[in-house]
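Student: Could we go through this model together? I would like to begin with a pair of strands.

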Amino acid sequence: MSDAPPRIHPTSVVGPGVELAPGVEVGPLCLIDGKIRLGPRTRLIGHVTILGITELGADNVLHPGAVIGDEPQDLTYTGVARSVKIGNRNVFREYSTVHRGSERGDVTIMGDDNFMMQNAHVAHDCRIGNSTIIAGGALLAGWVELGDRALVSGNCVVHQYTRIGRLAMMRGLSRTSRDVPPFCIMDGTHTLRGINVVGLKRAGIPSKSIHALRHAFTSLFGTRQNLKLAVARLEQSGNPTQEVVELLDFIKSSKRGVAFGPHDPHSSDDSES
């Protein structure tokens with residue numbers, strides 16, 4: 001019941017600074033130590049570690065081996081107070097890790113309804129949106145931004161400070177040190193392949209908008225060209241849809257540069273092809 005008192009297995013260690021909301025369940029052999037708040041009905045199945053200054057909202061589920069709020073993997077870190085803030089209804093599978101902010105940062109943030117699979121890693125100072133999937137073995141370095149409903153597939157690696165846009169998809173084993181625009185599919189080494197049609201349909205994006213995004217993708221990434229000029233041409237071509245505007249704004253705001261289109265335009269595809 002939501003108003004039931006917290007339940008703590010006798011083999012677990014809960015520090016004096018921990019606040020447990022009603023309905024929290026702490027399974028066997030957990031370690032919770034620091035200035036920590038666990039929201040209603042959050043469940044630690046067992047062998048979970050939560051450290052530092054960490055806040056989790058309601059209805060989160062943490063599987064065995066998950067570690068939240070440990071020190072950043074940053075050689076400059078001296079133990080200063082840094083934190084993790086996590087929203088509601090997130091799932092952390094076995095041995096997934098989320099680290100606190102770094103010496104030069106502040107807080108690692110994750111929104112609601114995210115799903116981290118086994119051995120996935122979110123490093124210090126990342127900003128994770130809502131309803132994302134970070135699949136098994138995927139590694140997000142420090143300061144990465146992951147947009148709502150983005151998908152990072154298995155064993156992908158994302159360089160620090162890189163942004164992954166809303167409803168973008170990184171295919172398995174891919175890697176990027178450049179921003180991945182919203183609604184796009186990326187594989188290999190920051191190479192864009194098409195529009196994430198299946199993901200867009202599942203998100204309820206209208207067919208007209210999907211068609212406009214496909215046209216925009218071809219105009220921007222169908223051939224290797226000066227992207228700044230391609231963006232300007234597309235902006236001047238008519239009244240773009242809201243999604244196309246979001247795509248163009250993301251590209252214009254990039255500091256690292258965005259991923260490339262394929263060398264061979266005939267190799268482009270999307271998740272419906």
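This is a predicted model: local features need pLDDT of at least 70, side-chain atom pairs count only at pLDDT 80 or more; totals for chains, interfaces and linings use all residues.

Student: How many bridges join β25 to β26, and do they run parallel or antiparallel?

Tutor: Strand β25 (residues 184-187) and β26 run antiparallel, joined by four bridges.

Student: And what about the hairpin, which residue there takes a positive phi?

Tutor: That is Gly 188, with a phi near 60°. The hairpin of β25 and β26 has three residues between the strands.

Student: Is β26 buried or exposed?

Tutor: Five of the five residues of β26 (residues 191-195) are buried, so this strand is largely enclosed by the rest of the structure.

Student: Changing topic: which residues of α3 are buried?

Tutor: In helix α3 (residues 227-235), Ala 230, Val 231 and Leu 234 are buried. These residues lie on the same side of α3, because the arc they cover around the axis is only 100°.

Student: What covers them?

Tutor: The cover of the buried residues of α3 includes α2 (207-221) and α4 (242-252).

Student: What happens at the start of α3?

Tutor: There, a side-chain oxygen of Asn 226 comes to within 3.1 Å of the backbone nitrogen of Lys 228.

Methods
Residues are numbered from 1 along each chain as its sequence is written. Side-chain values use heavy atoms; hydrogens and water are left out. Buried means under 20% relative accessible area, exposed over 50%, partly exposed in between (1.4 Å probe, protein chains only). Helices (H or I, at least four residues) and strands (E, at least two) are DSSP runs, numbered from the N terminus. The arc is that of the directions from the helix axis to the C-beta atoms. Contact means heavy atoms within 4.5 Å. A polar contact is a pair of N or O atoms within 3.5 Å; within protein, one must be able to donate a hydrogen and the other to accept it, and residues adjacent in sequence count only if both atoms are side-chain atoms. Two strands pair if DSSP finds at least two bridges between them.
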